[in-house]
Amino acid sequence: MNKPPLPVFFHPKQLPHNPRYEWTFGRKIEHPETRSRVDRILKAISGSPAFSLRLPYKMPLNRLTDLHHKDLVSVLKTARKLPEGKTYYPSVFPRRDQVSSDPDSLPRAGYYCFDSGTPLTVHSWDAAYWSAAAAWSAAKCVTSGESKAAYALSRPPGHHAQRDLFGGYCYFNNAGMAARHFRHRGRVAIVDIDFHHGNGTQAIFYPDPKVFFASIHGDPRKFYPYFSGYDGETGRGEGRGTNLNVPLPAGTDGKKYLSVLRRKVLPAVRKFRPVALVISAGFDTYRHDPVGGFDLETRDFVEIAREFADLDLPTVIVQEGGYATKWLGVNAAAFLRAFRDRHFD
Ligand SMILES: [Zn+2]
């Protein structure tokens with residue numbers, strides 16, 4: 001019997017947001033988070049019967065404000081006043097005690113931002129909204145019973161965005177949007193395989209006993225986001241024990257990575273007994289990635305995808321990072337195809 005295609009949610013309005021450069025420890029570099037990342041992924045999956053491309057559903061704004069502070073939504077909307085072609089960098093990031101905030105004031109946008117790599121453009125709102133809507137729509141598609149799994153081609157990425165902070169190229173937490181939708185039905189597991197720690201997702205669900213968050217990532221003593229991702233971070237209050245960080249050293253290869261996934265992360269997910277799974281799928285663990293520091297190969301993404309498929313849970317795969325643009329389409333397609341082939345068995 002023919003297997004059904006994997007639904008892929010994406011909106012063309014995610015494309016025009018175009019941060020041209022970023023400041024990293026005082027150096028100006030070309031921005032790695034470009035629209036050609038999406039072009040590569042679409043090219044690699046289009047025309048294949050394994051995938052069906054869909055537009056996301058129009059998402060009510062209260063879905064966003066269920067997860068995010070209303071002022072974060074407002075500041076992104078304020079950025080719609082920027083002139084075309086302008087890339088606006090918040091430059092002052094105040095500590096939050098004894099300062100006043102105003103989401104309508106761009107000079108004070110740094111109140112809602114935590115780094116200098118995540119600029120605002122006139123198109124940021126549309127891109128971030130549809131990126132989040134793609135993840136939410138993928139979750140809706142799964143809970144409606146239409147498909148056992150779905151992929152959100154979310155761009156900009158989301159896992160660094162917190163409830164009231166954007167940063168790390170992320171504006172809204174796309175994986176969080178999907179998890180939040182599943183959460184109404186029971187316990188949810190989010191596994192983050194991006195090279196960088198998913199600090200935003202961790203922060204949002206840290207006190208939540210119904211959402212298990214696990215992340216395998218580059219050691220934060222050396223790699224972004226530096227301030228979180230340590231193995232002592234296990235959750236707070238009722239959420240204690242529902243957060244698992246596995247930092248790994250630079251140069252980690254597929255063998256070591258898969259062993260950690262099989263020995264530590266997947267058993268913890270099974271033990272949690274979730275009703276659904278969200279995968280924060282970054283491919284910046286690839287050996288040629290300019291931003292990551294691991295040594296994974298395309299065939300490792302196939303193995304990782306099969307491990308997730310064997311959990312046999314309703315699943316949403318959310319696109320996160322991956323900046324070796326030339327290989328991003330190949331890696332994402334290899335992961336998605338392997339997942340679909342095993343999961344839809
Ligand atoms: Zn990343």
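Four bridges join β1 to β4, and these two strands run parallel. Two strands count as paired if DSSP finds at least two bridges between them. Helices (H or I, at least four residues) and strands (E, at least two) are DSSP runs, numbered from the N terminus. Phe9 has Arg54 as its bridge partner in β4.

Before I go on, the conventions. Residues are numbered from 1 along each chain as its sequence is written. This is a predicted model, in which local features need pLDDT of at least 70 and side-chain atom pairs count only at pLDDT 80 or more, while totals for chains, interfaces and linings use all residues.

Now the whole protein. The protein has nine helices and 10 strands. Its C-alpha atoms fill a box of roughly 55 × 45 × 40 Å, taken along the principal axes.

Of the 345 residues, 53% are buried. Buried means that 20 or more other C-beta atoms lie within 10 Å of the residue's own; exposed means 12 or fewer, partly exposed is in between, and C-beta atoms are placed from the backbone. Among contacts with a separation of 6 or more, 76% are between residues 24 or more positions apart. A contact here is two C-beta atoms, placed from the backbone, within 7 Å.

Next, the sheet. In what order do the eight strands of the open sheet come? The order is β4-β1-β5-β10-β9-β6-β7-β8, and the pairing is parallel. The edge strands are β4 (51–54) and β8 (243–248), each pairing on one side only. From one strand to the next, the twist averages 15 degrees. For angles, axes are lines fitted to C-alpha atoms, for helices over the stretch in contact, and the values run from 0 to 180 degrees between N-to-C directions.

I will start with β1, residues 6–9, which pairs with β5 in the parallel sense over two bridges. Phe9 stands opposite Ala152 in β5. Both faces of β1 are covered: Leu6 and Val8 are buried on one side, Pro7 and Phe9 on the other. In a regular strand the side chains alternate between the two faces of the sheet.

Strand β5 covers residues 149–152: Ala149 and Tyr151 point one way, Ala150 and Ala152 the other, and all are buried. On to β10, residues 315–319, which pairs with β5 in the parallel sense over four bridges. Ala150 stands opposite Val316, and Tyr151 stands opposite Ile317.

How many residues of β10 are buried? Five of its five are, and the strand is mostly covered. Thr315, Ile317 and Gln319 point one way, Val316 and Val318 the other. Five bridges join β10 to β9 (residues 276–281), again running parallel, and Ala281 stands opposite Gln319. β9, helix α8 (residues 298–309) and β10 make a right-handed β-α-β unit. Right-handed means that, with the strands pointing away from the viewer, the path from the first strand over the helix to the second runs clockwise.

At the other end of the order, β7 (residues 211–218) and β8 pair in the parallel sense over six bridges. Ile216 has Val246 as its bridge partner in β8. Helix α7 (residues 254–272) packs on the sheet, touching β6 (188–192), β7 and β8, and its direction makes about 170 degrees with that of β7.

Leaving aside residues up to four places away in sequence, Ala138 touches Pro7, Phe9, Ala150, Tyr151, Ala152, Ala178 and Val316.

Why is helix α5, residues 174–183, described as largely enclosed by the rest of the structure? Because 10 of its 10 residues are buried. Among them are Asn174, Arg180, His181 and Arg183, together with Ala178.
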